[in-house]
Amino acid sequence: MSRRRWPAALCALVTAVAAVAVATPAQAANPIITNIYTADPAPLVVGNTMYIYAGRDEAASGNNNFVMREWHVLSSTDAANWTDNGARANIGTFPWAGADAWAGEVEPRNGKYYWYTSINGNGAGWMNIGVAVGDTPLGPFTDAKGGPLISDSTPNSSGLNIDPTVFVDDDGQAYMYWGGYWGVRAVKLASNMIDTVGSVVTPAGLTNYWEAPWMFKRNGLYYMMYAANDTSGCVTNSSYACQRYATATSPLGPWTHRGIVLGQTSSTTNHAGIVEFNGQWYIVYHNANAPGGGNFRRSVAVDRLYFNADGTIQQVTQTTAGPPPNPGGGGGGSGTNIAPSATASTSYVSSWESLAAINNGGTPANSQDRSSLAYGNWPEQGNQWIEYQWPAARSINRSSVYWFDDNQGIDLPASCRIQYWNGSAYVDAPGQSTCGTAGNVENVITFNPVNSTRLRLLITSRTGLSTGVLEWKAFQS
């Protein structure tokens with residue numbers, strides 16, 4: 001997020017397309033990137049890679065205003081060593097816009113990656129929310145709508161339409177929260193991810209909300225983190241901000257305030273995101289700690305985040321060292337992939353597809369790749385499953401799935417989850433992370449170790465469609 005308007009005279013400096021810079025690696029430390037200044041980070045995990053989408057601060061030293069014209073994508077396979085993949089979008093990505101490349105977030109769906117971001121349009125009003133789309137986490141990204149998704153003309157819009165956070169629930173319904181100047185708003189998104197559904201609502205219960213919402217779900221509970229600038233235990237001066245959080249049992253609330261996640265940082269603004277990666281939760285945020293940094297020359301930092309047994313969040317300890325490397329096991333799991341040694345079964349497989357595809361060790365090039373066979377269950381819909389069985393019990397704590405999408409009736413699923421045989425019935429694997437449904441990537445699911453002879457992937461299709469899998473892995477803990 002940003003609090004001050006960028007001078008319109010700088011608009012002429014915007015290029016028409018995003019500049020793709022040579023990827024620049026950085027060593028483990030906080031801030032994670034110091035070759036440029038980066039701000040308003042939004043994390044996304046795809047396969048064995050964590051991505052951070054961030055705006056670039058370009059204000060000269062002594063300039064007390066935001067100068068932001070492009071968005072960069074940072075990436076890491078261990079959450080400690082980061083690569084700057086260059087500018088992957090900029091103001092010119094949106095022909096209808098003219099300034100202010102402020103905070104955004106990327107959400108995968110339908111085999112695409114949708115980048116929701118805050119930008120100043122050329123029309124009436126000030127800040128709008130636009131959406132770009134790409135085929136991979138690194139793009140290229142193009143304007144998906146041809147105009148704002150949210151603007152000042154949207155009924156019940158915020159006083160400052162910035163800082164979108166988008167969340168797709170297990171039933172496939174997408175939600176967007178946004179807003180600054182204490183004006184938090186929410187709306188449902190259509191399945192195409194570029195239109196709204198129903199009215200904009202004002203969520204209740206987000207105590208001392210200022211801006212920068214971030215929504216996620218863990219163990220069936222919805223979490224909303226957001227920037228607050230009150231002096232009631234949050235900050236020492238209302239020019240600064242902390243990150244508070246609330247929980248709810250419904251994606252639109254009402255919310256119940258729970259406490260502070262991240263205290264005051266060295267920059268006046270405070271914008272953060274939370275994500276699970278390789279079995280560890282992380283918070284990404286920005287501060288002014290890079291050489292020459294300041295309130296308009298901010299830099300992204302990453303630290304570990306921990307939950308208590310009751311689901312509450314422990315306040316984060318800010319570090320200069322950053323988190324230790326957490327590379328997982330390569331290919332999405334720690335330990336050995338034991339799927340090839342299992343006997344596979346399924347609720348249904350199409351006669352022209354092959355169940356053998358799911359554990360034959362293939363490495364798909366994309367979700368349409370049939371070179372190593374493909375499993376599909378067309379024309380069946382709703383809940384279907386695939387299952388592994390071993391002759392003796394195995395200890396398992398991770399799985400990964402690469403989805404099949406033939407664009408002919410087999411599509412990416414609405415949701416999925418891991419189950420195991422407890423000796424008498426199939427039950428959900430405890431503590432499991434979100435079962436990803438993105439196309440063209442290996443979706444990793446982590447869970448508390450289970451000791452069992454059988455593992456099941458339960459798949460729920462989108463309405464009117466069937467599902468398929470190119471490779472399903474299970475990792476011994």
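A residue counts as buried under 20% relative accessible area, as exposed over 50%, and as partly exposed in between. The exercises below use a predicted model.

**Exercise 1. Work out how strand E9 is enclosed and which strands it pairs with.**

Step 1. Count the buried residues. In E9, 8 of the 8 residues are buried, so the strand is largely enclosed by the rest of the structure.

Step 2. Check each face. One side carries Met-127, Ile-129, Val-131 and Val-133, and the other carries Asn-128, Gly-130, Ala-132 and Gly-134; all are buried, and both faces are covered.

Step 3. Find the pairing with E8. The two strands run antiparallel and are joined by 8 bridges. Opposite Ala-132 of E9 stands Trp-115.

Step 4. Look at the hairpin of E8 and E9. It has 5 residues between the strands, and Gly-125 there has a positive phi near 85°.

Step 5. Find the pairing with E10. Strand E10 (residues 142-143) is antiparallel to E9, with 2 bridges between them. Asp-143 in E10 is the bridge partner of Ala-132.

**Exercise 2. State how many cavities of 30 Å³ or more the model has, and describe their linings.**

Step 1. Count. There are 2 cavities of 30 Å³ or more.

Step 2. Take the largest cavity. Its space is about 50 Å³. The lining consists of Pro-41, Ala-42, Ala-103, Gly-104, Glu-105, Asp-163, Pro-164, Pro-213, Trp-214 and His-271. By class, 6 of these are nonpolar, 2 polar and 2 charged. At least two lining residues come from each of E2, strand E7 (104-109) and strand E15 (209-218).

Step 3. Take the second largest cavity. Its space is about 40 Å³. Gly-362, Thr-363, Pro-364, Asp-369, Ser-371, Ser-372, Leu-373 and Leu-470 line it. This lining has 3 nonpolar, 4 polar and 1 charged residues.

**Exercise 3. Describe the second largest pocket by volume, lining and class of residue.**

Step 1. Give the volume. The second largest pocket has about 220 Å³.

Step 2. Describe the lining. There are 13 lining residues, and Thr-363, Pro-364, Tyr-402, Val-441 and Glu-442 lie nearest the centre of the pocket. Strand E24 (383-403) and strand E28 (468-476) each give at least two residues to the lining.

Step 3. Sort by class. The lining holds 4 nonpolar, 6 polar and 3 charged residues.

**Exercise 4. Locate two cis peptide bonds and two residues other than glycine with positive phi.**

Step 1. Take the bond between Gly-253 and Pro-254. It is cis, with omega about 5°. Pro-254 sits in the loop between strand E17 (242-248) and strand E18 (256-262).

Step 2. Take the bond from Trp-378 to Pro-379. It is also cis, with omega near 10°. Pro-379 is in the loop between strand E23 (375-376) and E24.

Step 3. Take Asn-110. Its phi is positive, near 55°, and its place is the loop between E7 and E8. At a relative accessible area of 29%, Asn-110 is partly exposed.

Step 4. Take Leu-373. Its phi is positive, near 75°, and this residue lies in the loop between E22 and E23. Leu-373 has a relative accessible area of 42%, so it is partly exposed.

Methods. Residues numbered from 1 in each chain as written. Predicted model: local features only at pLDDT ≥ 70, side-chain atom pairs only at ≥ 80, totals over all residues. Heavy atoms only, no water. 1 Å grid on protein atoms, 1.4 Å probe; cavity = no way out; pocket = protein on both sides within 12 Å on 5 of 7 lines; lining within 4 Å. Points joined across faces, edges and corners; volume = space filled by probe spheres on them. Helix = DSSP H or I, 4+ residues; strand = E, 2+ residues; numbered from the N terminus. Nonpolar A, V, L, I, M, F, W, Y, C, P; charged D, E, K, R; others polar. Buried < 20%, exposed > 50% of the residue type's maximum accessible area, 1.4 Å probe, protein only. Pairing = 2+ DSSP bridges.
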